[in-house]
Each structure stands twice: as C-alpha cells, then as structure tokens.
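Please look over the chain shown below before reading my comments. I have set them out as numbered points.

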Amino acid sequence: MSDAPPTLLDDWLLARLVCPATRTPLRYDAARALLVSDAARRGYPVRDGVPVLLVEAAVPLDDAGEITTMG
C-alpha cells in the first residue's frame with residue numbers, strides 16, 4: 001500500500017469544499033496531500049482520500065505556501 005500514488009480528489013467534491021475557518025474555496029496540492037486555504041494560509045490534510053477539515057488539524061503555511069512551524 002505504501003507504493004500507491006497520492007489519492008486524487010474528485011472534482012465534484014473539491015468544488016464544494018471550503019475552508020472551515022474562512023469559508024473560502026480550497027485548492028488541492030496532490031504532492032503534499034493537502035487542501036490549501038490561501039485566505040487562511042493553512043493546509044488541511046487528506047488522509048486515505050478523506051479530507052480532514054478541522055482547524056486544529058491544519059498546518060500553517062507561509063506566504064510562499066510552504067509549511068511553517070508556529071512557536
């Protein structure tokens with residue numbers, strides 16, 4: 001199973017998902033398996049094809065879209 005390609009999200013589903021913090025559209029970053037909210041600068045993980053749209057599960061992103069650490 002570890003050799004499986006990244007899960008692609010269905011276009012229909014992706015068009016309906018929004019950031020839980022800002023209610024703005026998300027874009028899918030397949031390479032990192034993240035749903036990215038440009039407005040909130042957060043990335044929400046996609047695990048086994050299931051979006052985890054919890055604010056507390058999101059990773060912070062910098063202005064360039066790279067994962068940052070808060071602290």
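1. Among contacts in the chain between residues at least 6 apart in sequence, what percentage join residues at least 24 apart? The share is 24%, where contact means heavy atoms within 4.5 Å.

2. This is a predicted model, in which local features need pLDDT of at least 70 and side-chain atom pairs count only at pLDDT 80 or more, while totals for chains, interfaces and linings use all residues. Residues are numbered from 1 along each chain as its sequence is written, and side-chain values use heavy atoms, with hydrogens and water left out.

3. The chain holds 1 helix and 5 strands, in the order α-β-β-β-β-β from the N terminus; helices (H or I, at least four residues) and strands (E, at least two) are DSSP runs, numbered from the N terminus.

4. Strand S2 (residues 34-37) is covered on both faces, with Leu34 and Val36 buried on one side and Leu35 and Ser37 buried on the other; buried means under 20% relative accessible area, with a 1.4 Å probe and protein chains only.

5. S2 pairs in the antiparallel sense with strand S1 (residues 27-29) over 3 bridges, pairing requiring that DSSP finds at least two bridges between two strands. Strand S3 (residues 42-47) is also antiparallel to S2, joined by 4 bridges. Val36 stands opposite Arg27, and its bridge partner in S3 is Gly43.

6. The hairpin of S1 and S2 has 4 residues between the strands, and Ala33 takes a positive phi near 50 degrees there. The hairpin of S2 and S3 also has 4 residues between its strands, with Arg41 in the turn at a positive phi of about 50 degrees.

Note on methods
Buried < 20%, exposed > 50% of the residue type's maximum accessible area, 1.4 Å probe, protein only.
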